[in-house]
Amino acid sequence: MHKVDRVFGEKFLTAIDDFYRYGVHLLFNEWWEQAPQDAIDKYVAAIVDHPEQGPLAAAGWMAPDFSLAMVADCAPGTLGAAWHEHMMVNGLAEKLAAGYAGLIADFEASGKLNRLPPVLKYKVLRGYQTHDLHHVLTGYTTQPLNELALQAFGLAQSDYPYAAMTLSVIMGHATLVDPWLIQPAMDAITDGWALGRRARSIQFVDFENQIHRPLADIRAEYGLTRDAPFVPLMPRVSELVAGELEVQERMRAAASAA
């Protein structure tokens, strides 16, 4: 059995201490130099051997950079209209995926990603393009526990170290630092996992080319229809989650004023 590299383990503990100060987007890129080859091979196989994800990943399609103008004229009830509302209400950046591509390029220049397989590089870059679309399709909001549910949804659809690290870091924090987070985090994880397991795969799908379709039709086609949205119960909110909720409220207020 391979052991976790102790230098990487220290970085993992840093993320567990405060996952907003040292995020999984950094942890993910630090892993590859020390990652066991067997683990890498299994993550690759999870995609390339998948009957739907494999061919889409092999095609390697990337959408043009998102802009609000792309969805400004979408009719009410369409995927595009819901996407536009999601981006506006949450004050989200149009260039998120492009910004992450720049981060990847910096790590590549340092040599840290020499062992990152092309299919997993595509997975992470395409994932940043589709992340907000997946919010819209699943109905999960951008609040912290909904974000956790979306990560669990994605992990249920495909073994993937970024999503697995996210769940591991947050549950590590809940276990070792803030037990008040255990129950609401597990509620989010189990909700997202169950939805991801029963739904058709939405990974790599070119939903950017379906923005004029009714959102309800797409959800029905992919098994994403549900009786009620996920509503996390947090009778005692942890300090980190409370802080993130406050940040998000300020973002939404700024977006509304703009």
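In this predicted model, helix α7 (residues 118-138) and α8 pack with their axes 11 Å apart, at an angle of about 95 degrees. An angle of 65 to 115 degrees counts as roughly perpendicular, and α7 and α8 are therefore roughly perpendicular to each other. On the α7 side, the residues that take part are His131, His134, His135 and Thr138, and they meet Glu147, Leu150, Gln151 and Phe153 in α8. Sorted by class, this contact of α7 with α8 has five polar residues, two nonpolar and one charged.

Let's follow the chain onward to the next pair. Helix α8 (residues 144-157) also packs with α9: the two axes come within 8 Å and cross at roughly 135 degrees. α8 and α9 are therefore oblique to each other, and their crossing is left-handed. From α8, the contact takes Leu148, Gln151, Ala152 and Leu155, while α9 brings Tyr162, Ala163, Ala164, Thr166, Leu167 and Ile170. The residues here divide into eight nonpolar and two polar, with no charged ones.

The third pair sits at the start of the numbering. α1 and helix α2 (residues 24-31) pack with axes 10 Å apart and an angle of about 170 degrees. That makes α1 roughly antiparallel to α2, since angles over 145 degrees fall in that class. Phe8, Lys11, Phe12 and Ala15 of α1 meet Leu27, Glu30 and Trp31 of α2. By class, the contact of α1 with α2 has five nonpolar and two charged residues, and no polar ones.

| Helix pair | Axis distance | Angle |
|---|---|---|
| α7 and α8 | 11 Å | about 95 degrees |
| α8 and α9 | within 8 Å | roughly 135 degrees |
| α1 and α2 | 10 Å | about 170 degrees |

Now for the open space. The second largest pocket holds about 500 Å³. Its lining counts 19 residues, and those nearest the centre are Val4, Trp31, Pro36, Ala39 and Tyr43. Which elements give two or more residues to this lining? They are α1 (6-17), α3 (37-48) and α9 (161-176). The lining of the second largest pocket comprises 11 nonpolar, five charged and three polar residues.

Two links tie the pocket to the helix pairs. Trp31 is among the residues nearest the pocket centre, and Trp31 is also one of the α2 residues that meet α1. Likewise, α9 packs with α8 and contributes to the pocket lining.

Technical notes:
Residues numbered from 1 in each chain as written. Predicted model: local features only at pLDDT ≥ 70, side-chain atom pairs only at ≥ 80, totals over all residues. Heavy atoms only, no water. 1 Å grid on protein atoms, 1.4 Å probe; cavity = no way out; pocket = protein on both sides within 12 Å on 5 of 7 lines; lining within 4 Å. Points joined across faces, edges and corners; volume = space filled by probe spheres on them. Helix = DSSP H or I, 4+ residues; strand = E, 2+ residues; numbered from the N terminus. Nonpolar A, V, L, I, M, F, W, Y, C, P; charged D, E, K, R; others polar. Axes fitted to C-alpha atoms, helices over the stretch in contact; angles between N-to-C directions. Parallel < 35°, antiparallel > 145°, perpendicular 65-115°, else oblique. Left-handed = near helix turned anticlockwise from the far one by under 90°. Contact = heavy atoms within 4.5 Å.
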